[in-house]
Structure formats: structure tokens, C-alpha cells
Amino acid sequence: MTTAPKGGSRLPDAITDPVTGRRISLLDWKATNLRASWLLGLVMVVLLGGLGWLIGFAIDPGLAGVVVVIAVVFALGQTAAAYWASDTMVLSVAGARPATQDEHRYLVNVSEAVAIGAGVPTPRVYVIDNPAPNAFATGRDPKHGTIAVTTGLMEILDRQELEAVVAHEIAHIRNYDIRFMSMLAATVGAIVLLRDVALRSMRFGGVARRRGGGSSGGGRGQIIAIVALVVLLVLAPLLAMALRMAVSRRREYLADATGAYITRNPEGLARALEKLRDFRGPPMQVSEGVAHMFFTNPALKRNANGWFATHPPLQDRINRLRRM
Amino acid sequence: MTTIIVLAILAALILFAINVYNRIITLENRYQNAWSQIDVQLKRRADLVPNLVETVKGYAAHEQEVFDNVGKARAAMAGAKNVDQWAEAANMMTAALGRLFAISEAYPELKANENFRVLQEELSSIENKIAYARQFYNDAVLQFNTVITTVPGVFFAGPMGKTKHVYLEVPEPDKELPTVSFGAATA
């Protein structure tokens, strides 16, 4: 017994936000994400309702009310699906299978240990049979936490490095990043889908109006609505996607810092990232929709550090860890 | 009007007090849970040890001193009456098992034994879990101590009968992290 906490207290429990330069407490981050998730759900309903009204009004003012109801129901459905089903979906898309105590004893033990260190229930552990080293976490809260790692990752990392990657993923779970990111992904997806539906129906609506011989052609309000709609429908998806990627990149830094804090070993994570950086095998084939969930972007070459990159550049993440 | 203001202030104060009270209780529960997590791992380790000793005896029966040390550590764990003795016994066991695994390096047949390999992985991962559980326990105690010694928690700790809790010391060889410097100067 002693009066001093054991080693590692020199690691910071707060990091500087790479975007705003403000200090973020790793412990308060969870609350921020929970608030943001609620807000996002609300924004999604309002936004889709508003867009729905514009679309309805542009096609036929009489239809506006109906389209709003459809859009809001659709938004609620998307939110609910993102909340409850995103983990099942992403696991099946990635081709993950449950890890067993016999076959993957090592991985299961490492995950249990890190979960104890993070103070969360042991996550469900999945394995993806793929030579490319990668991992992801899913689950709306720590009780439903799930992590999946590729067989390639287990092959190239030693125990400390694997612990570090698992800690990064558990950090995503503990911080409620998963809930927030899957809600955000659903919002962006809904906006994009709405754009496609609207563009198609407007073409259809235009044809219908011409057939009507202009007798029922809407007034000036309708034209304004159409113009506003076109601008919104072109800009909104782009903005939403750029926002989503910025949010995703920021959470990667935070998960790195939290993971380093959980293991008290930033060097382990830095070395793991170096091994991933130097990996020269074929990249993992995953759909665009789930790329942001992985430990490193599966398609490394694409959008390495542009506005639409889901992850910060690997070298930058390594440098930050080495500076801790 | 004055009544309403007084009532509003009173309500705010009560809500604030409830908040602080709950925070202290939550943090106390957290370190107590962390403690039971350590206990769970120590029990799992104790359950595996006889099995391990039997397996090793089959190949290295004459390493009597090592088996004696493990036996002593087991007895100390069973007889521990307070936290200090308990922690000491747990550390003894860690050291004894460490030596046992060290001597096993000299017996290739033992190392090839499937049962031994599984036990070795299980026990070393339990050591790892104990280290993590201690770390989380100390984190939780640190948080608890901070809250009850700073404003506003310090005003509640006395009436609630809460005092600073002690940290768990980790013996040096226990945590086998690399001795990397993270740049102590900047930390």
C-alpha cells in the first residue's frame, strides 16, 4: 500500500483538439458524444422534414404535407436502424465471425484484459479472415460493445501492439463514438438518398407539368422552392459528407489518446501503426459505407488527407503518440 | 414573488446537493467494483495453480524449491486477514509463478506439452488482467479521492463519512511494460 498512484500518471488524460485547439478531457468526451447523438437525431428529423416539405412543394404544393410525413417517418426509421442494427449490419458486411476461446484464446484474453483496464464490460470479439491488418469496433453502448480484428492483424502484431489496437477500439466504444458515428452515417445516407429520390421525382414532376399545358403551373413560390431545393440538394450531401469525415478524423485522434491512456503505453500503439503503415500486402476490400469504422482506412491510398478522408494520415497519428 | 425566488434557490441547491452526493456514491461504487474485478482474477489464478503445479511436476519433479514457494504463496493468500497481507500474498504468488515459468524454459518436453501451453497463456493473461484491474482500481481511487477532497465534494465527504482511500502498490517486476521514455520532460 502506498499513497501514490502507480506509473503512467504522467500520461495526459486530456488532449488538444486538433481542430479547435481547445483542451478536451478524455473523461468528458463520452458526455459530449451522448449529447451530440441526441442532437443529431433531432437535426435529422427536422432537416429531412424540411427537405421533404421543399420537395413536396416544388412538385405540387398540395402534396407538401404528405411528403413531410413520409420524410419524417423515413428519418425516424433510419435513426432507429442506425441505433439498433448498425452493429449486426457492419459485422456481416465485413464478413466477421465470433472468436472462440479455443481458437483465439490469445485475442480473447487480450480483449478481456484491456476491457478491465478501461472499466467496461468485456466486448464480444469477432475475427475477420483477411490477411490485411485492420480492426473495428461497433455497438451502441459498452454493454453491446463488439470488436473485430483481421487475422492479418493478429499475425503481424506482438501482444503489446495488439493490446494497443484493441484499446483504441475499446476507446471508441467507451466514448460512445460508435453510436454517434452510426447516427451520423445514417443522416448522411438519408440526405444522399433523398437527393436521388428528389432529382428523379422532379424530372417526373416536370414532365407531368408540361403535359398539364401550364394551366396548373405553380406560382413564384414554387419556382423559388425548386431553386432552393436544387442548391440544397447539391450542397447538403457534400457538406454532410465533409462534416462526417472531419468528425471521424477527430475521433480517431481521441481514440488513439484514450487507447494510449488505457494501456499506459503510447509506444505500443505507435509501433502498431508503423507496422500497418509499412504493410505491403493487398488492401482489404470493404464497402465505402463502413470504411470509416476501421482502425486505419482500408483503402490507404485514396484520399490520404483530403477533406473526405475518414482517417488522419498514419504518420501524423504516430507523431502525436510519440509526443505524449 | 420573494417566496418563489426563495423556493427556486432552495430547489436548485437541493438538486445540486443530490448531484454531488450521487457523484461521490458512483465513484465509490466504481472503485469497489474495480476491487472485486481484481479479486475475480486472483481466484481464477488460484484455481489454475494446482493444475499447473501437477503438470510441471510431471517433467521437473526435482525443482522442489519452486513448488514450495508456490505453496507458501497459496497458504498466504488463504490466510490473509487484511488488505496489506492480501496484497503481499498476491505479489508472492506472482513472483513464485514467474520463477516457475522461468525454470520451465529448461524443459523442452514440458514446453511442448499442450496442457502446459494453455495454462501458461491463461496464467500470464491473468497476470496481465490483474495488472490492468489494479490500474483501473487506482484510477478509480484517484478520482474518488479528488472529488472528496476538492470543492464541493469536500463539504459532503465529512457528513457522508467518506475518507480518502488507499492506492494499491504494484511490485516492480509485476508490470512487464517496456521501459520506454515517453518524453517525461513534456508530460
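This is a short chat about a predicted model.

Reader: What should I know before starting?
Author: The model is predicted, so local features need pLDDT of at least 70 and side-chain atom pairs count only at pLDDT 80 or more, while totals for chains, interfaces and linings use all residues. Residues are numbered from 1 along each chain as its sequence is written, and chains are lettered from A, ligands numbered from 1, in the order in which they are written.

Reader: How many helices and strands are in chain A?
Author: Chain A has nine helices and six strands. Both are DSSP runs numbered from the N terminus: helices are H or I with at least four residues, strands E with at least two.

Reader: What share of chain A is buried?
Author: Of its 324 residues, 45% are buried. A residue is buried if 20 or more other C-beta atoms lie within 10 Å of its own, exposed if 12 or fewer, and partly exposed in between; C-beta atoms are placed from the backbone.

Reader: Next, at what angle do helix 7 and helix 8 of chain A pack?
Author: Helix 7 (residues 220-263) and helix 8 (residues 266-277) of chain A pack at about 130°, with axes 7 Å apart. Axes are lines fitted to C-alpha atoms, for helices over the stretch in contact, and angles run from 0 to 180 degrees between N-to-C directions.

Reader: Which residues make the contact?
Author: D256(A), G259(A), A260(A) and T263(A) come from helix 7 of chain A, and P266(A), G268(A) and L269(A) from helix 8 of chain A. Contact means C-beta atoms, placed from the backbone, within 7 Å.

Reader: Where does H292(A) lie?
Author: H292(A) is in the loop between helix 8 and helix 9 (314-323) of chain A.

Reader: Buried or exposed?
Author: H292(A) counts as buried, because it has 23 C-beta neighbours inside 10 Å.

Reader: What does H292(A) touch?
Author: H292(A) touches M181(A), S248(A) and T310(A), not counting residues up to four places away in sequence. The C-alpha atoms of H292(A) and P266(A) are separated by 22 Å.

Reader: Now chain B. Which residues of helix 2 are buried?
Author: In helix 2 of chain B, V66(B), V70(B), A73(B) and M77(B) are buried. Seen down the axis, the buried residues fall within an arc of 60°, so they line one face of the helix. The arc is that of the directions from the helix axis to the C-beta atoms.

Reader: What do they pack against?
Author: The buried residues of helix 2 pack against helix 1 (2-57) and helix 3 (83-104) of chain B.

Reader: Which residues are exposed on the other side?
Author: Q64(B), E65(B), D68(B), A75(B), A78(B) and G79(B) are exposed on the other side of helix 2 of chain B.

Notes. Two residues are in contact if their C-beta atoms, placed from the backbone, lie within 7 Å.
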